[in-house]
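This report describes aromatic contacts and nonpolar packing. The sequence and structure are shown first.

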Amino acid sequence: MEYLYFIFFAAEVICTYLYMYKNCGMKMKMITASVFLTAGLFLLLTGQRYTSHYCCLLFAGLAASFIGDYVIKFNAFGMKGLPGIISFAIAHILYISAFAVRVPPTKETLWLLIPWAGIVAFFAWLGVKKIKIDFQGAGPAVLVYAIIITVMMLLGLRTGLTLAVQGGVKTLQAIVLCIAVVSFFASDCGVCMQMFGPAPDAKIGKRKLNFDRFSSVTYFGAQILLAASMML
C-alpha cells in the first residue's frame, strides 16, 4: 500500500501551487498542511509502523508542525510569531529525537554540534548588522530556534547518509530524508527573511526571489518528504 503515498505527494504539490498562486489565505494553508499530516498518519498506520519509536516521533513532529502553521500568526509577550516558533521548535526536537532513535549519535557527534551552534549565532549577528534584520523583540527565541533547526538538519543528514552507506535499507528513502531536512532548513531561512527582513524578496542577478513562495515550496516539500522517510 506504500504506493498510495504518491497520491498524497501529488496532492501536496497541487495544494502548494494553489496556496501560492490562487488562494494564500489561512484556510488554504491549513488544507495544504493537512495533506502531509494525513500522509504521515497513513504511513504510520500501515505496515505496523506505529510500533516504531522512529515513526511515532516523526508523526508527532508533523503534528506539531501542523499546529505551528496556524499559531505562527499570533504574537506573545511582545514577540512576533512566538507561539509558532515554539510549536516548530517542538517539532524539530521531535525530529531530532527520531533521528537519534534511528541512528544513535556518538559522543563525537555531539561535540561537533557545539561549533555549529557558534556558527549559527555568528550568522544571526551578521544578519542583524549587515542585512538589517529586525527581530522585533523575538531575537533570543529566534536564536534558540535557529540552533535547534541546525541540529535537526545535521542529525537528519547524518541519519540519511549513514543508512544509505550501510546498505540493507531503502537508499532512496535515505536520500529523500537528506533532501527533506535541508529543504526544511532553507524554508526557515526564507520565513525568517519574510517575517523580519527588510524586504519581501531578494534580488538574485536579474531575478527576484520571493521569500513567501520560496519558504512555502521548501516547507511543504520538506514535510511531505519527511513523512516518506517513515518508510526507512
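## Exposure of a helical tyrosine pair

Tyr17 is partly exposed, its relative accessible area being 45%. Tyr21 is likewise partly exposed, with a relative accessible area of 44%. The model under discussion is predicted. Since buried means under 20% relative accessible area and exposed means over 50%, Tyr17, at 45%, falls in the partly exposed class, and Tyr21, at 44%, does so as well.

Both tyrosines belong to helix α1, which spans residues 5-21. Tyr17 and Tyr21 are four residues apart, about one turn of the helix.

## Aromatic pairs and the aromatic cluster

In total, the structure holds 12 aromatic pairs. Tyr17 and Tyr21 form one that is tilted, with a centre to centre distance of 5.1 Å and 40 degrees between the planes.

A single aromatic cluster is formed by Tyr19, Phe36, Phe88, Tyr95, Phe184, Tyr219 and Phe220.

## The largest nonpolar core

The largest nonpolar core comprises 65 residues, and Tyr95 and Phe99 have the most contacts inside it. Two or more residues are given to this core by each of α1, α2 (26-45), α3 (53-71), α4 (82-102), α6 (139-166), α7 (171-196) and α8 (211-228). Helix α6 gives the most, with 11 residues.

## Surroundings of Tyr95

When neighbours within four places in sequence are left aside, Tyr95 is in contact with Leu58, Gly61, Leu62, Ser65, Met152, Phe184, Gln223 and Leu226.

Note on methods. Residues are numbered from 1 along each chain as its sequence is written. This is a predicted model: local features need pLDDT of at least 70, side-chain atom pairs count only at pLDDT 80 or more; totals for chains, interfaces and linings use all residues. Side-chain values use heavy atoms; hydrogens and water are left out. Rings of Phe, Tyr and Trp (its six-membered ring) pair if their centres lie within 6.5 Å; planes under 30 degrees apart count as stacked, over 60 as edge-to-face and the rest as tilted. Buried means under 20% relative accessible area, exposed over 50%, partly exposed in between (1.4 Å probe, protein chains only). A nonpolar core is a set of buried Ala, Val, Leu, Ile, Met, Phe, Trp, Tyr and Cys residues joined through side-chain atoms within 4.5 Å. Contact means heavy atoms within 4.5 Å.
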